[in-house]
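Here's a quick briefing to read with the model open in your viewer.

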Amino acid sequence: MLGYIAGITLVLFLLFSIISLVRVFTARPASFWGKGAGVTALLFTVAFILWIAVEIPAYERQQAKILYQMGQDYLAAGDHPMAYDSFVKISKADQEIYAEVQPVLDELRTPLAMAKLEEAKALYTDEQYDAALDALKISMKYLPLDESKSLLPAYQKAAGRK
């Protein structure tokens, strides 16, 4: 709701400001339009600050709950990469959920990184260098393993990319 109020007051502020400027440039006083621009600027500022302070954190807490449930559903289905992606998107706005998923993320990182590393090696052996490099980069996104770091230059060279 506050977002809508901020948007409406911004539009009104711009409208009043344009009318005021037109009046000033045509040698007429801004009068009511200038005062209206000032009032709407003040209302916009208040609505915007309240929107940032109230509605955005509430939205992020709601998103954290949704992402947590999605992650749990993916874990139950055995889809660990999707569970990881859901959990990693949870912001610190909901400290309780954020703290709860950190150990789960830590548990998922190593197996996911190892699986992608093995996939990258298999693709490299099959001479699918672009796909191998992509898989290696995904592996490093999960966890930058020493082996992944050492293979990266060779995979980049084979794929013709940096």
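D134 is partly exposed, because its relative accessibility is 37% and that class sits between buried (under 20% relative accessible area) and exposed (over 50%), using a 1.4 Å probe and protein chains only. Before going further: this is a predicted model, where local features need pLDDT of at least 70, side-chain atom pairs count only at pLDDT 80 or more, and totals for chains, interfaces and linings use all residues. Residues are numbered from 1 along each chain as its sequence is written, and side-chain values use heavy atoms, with hydrogens and water left out.

**Salt bridges**

- The whole structure has 6 salt bridges, each defined as a side-chain nitrogen of Lys or Arg within 4 Å of a carboxyl oxygen of Asp or Glu.
- As background, side chains of opposite charge can pair when their charged atoms come close.
- D134 pairs with R161, and their closest N and O atoms are 2.9 Å apart. Since D134 is in helix α5 and R161 is in the segment after α6, this bridge ties together parts that are 27 residues apart in sequence. The helices here are DSSP runs (H or I, at least four residues), just as strands are (E, at least two), with numbering from the N terminus.
- R161 also forms a salt bridge with D130, with 3.6 Å between the closest N and O atoms. That pair links distant parts of the chain, with R161 in the segment after α6 and D130 in helix α5, 31 residues apart.
- On accessibility, R161 counts as partly exposed at 32%, and D130 counts as partly exposed at 42%.
- K121 and E118 are 3 residues apart in α4, so about one helical turn separates them.
- K121 is partly exposed, with a relative accessible area of 24%, while E118 is partly exposed at 41%.
- What do the salt bridges that share partners join into one network? They join E118, K121 and E147.

**Helix α5**

- Helix α5 covers residues 129–142, which is 14 residues, and runs 20 Å from its first C-alpha to its last. That is close to the expected 20 Å at 1.5 Å a residue, where the expected span is 1.5 Å times one less than the number of residues.
- Which residues of α5 are buried? They are A132, L133, A135, L136, S139 and Y142.
- Those buried α5 residues pack against α3 (80–88), α4 (95–125) and α6 (146–159); contact here means heavy atoms within 4.5 Å.

**Nonpolar core**

- The largest nonpolar core has 25 residues, and F87, I90 and V101 have the most contacts inside it. The elements giving two or more residues to this core are α2 (31–77), α3, α4, α5 and α6. Helix α4 supplies the largest share, 9 residues.
- The core definition is a set of buried Ala, Val, Leu, Ile, Met, Phe, Trp, Tyr and Cys residues joined through side-chain atoms within 4.5 Å.
- Leaving aside neighbours within four places in sequence, V101 is in contact with Y68, F87 and I90.
- In soluble globular proteins, nonpolar side chains tend to be buried together.

- Y4, I8, L12 and L15 make a nonpolar surface patch of about 430 Å². Accessible areas are Shrake-Rupley values with a 1.4 Å probe, and for residues only the protein chains shown count as cover.
- Patch residues have over 30% relative accessible area and no salt bridge; like charges are joined within 9 Å, and nonpolar side chains (Val, Leu, Ile, Met, Phe, Trp, Tyr) within 5 Å.
- L12 sits in helix α1 (residues 2–25) and counts as partly exposed at 32% relative accessibility.
- L43 is in helix α2 and is partly exposed, with a relative accessible area of 47%. L43 and I5 are 38 residues apart along the chain, yet their C-alpha atoms are separated by 8.6 Å.

- A27 isn't a glycine but has a positive phi of about 65 degrees. You'll find A27 in the loop between α1 and α2, where it is exposed with a relative accessible area of 72%.
- S31 isn't a glycine either, and has a positive phi of about 40 degrees. S31 lies in helix α2 and is partly exposed at a relative accessible area of 42%.
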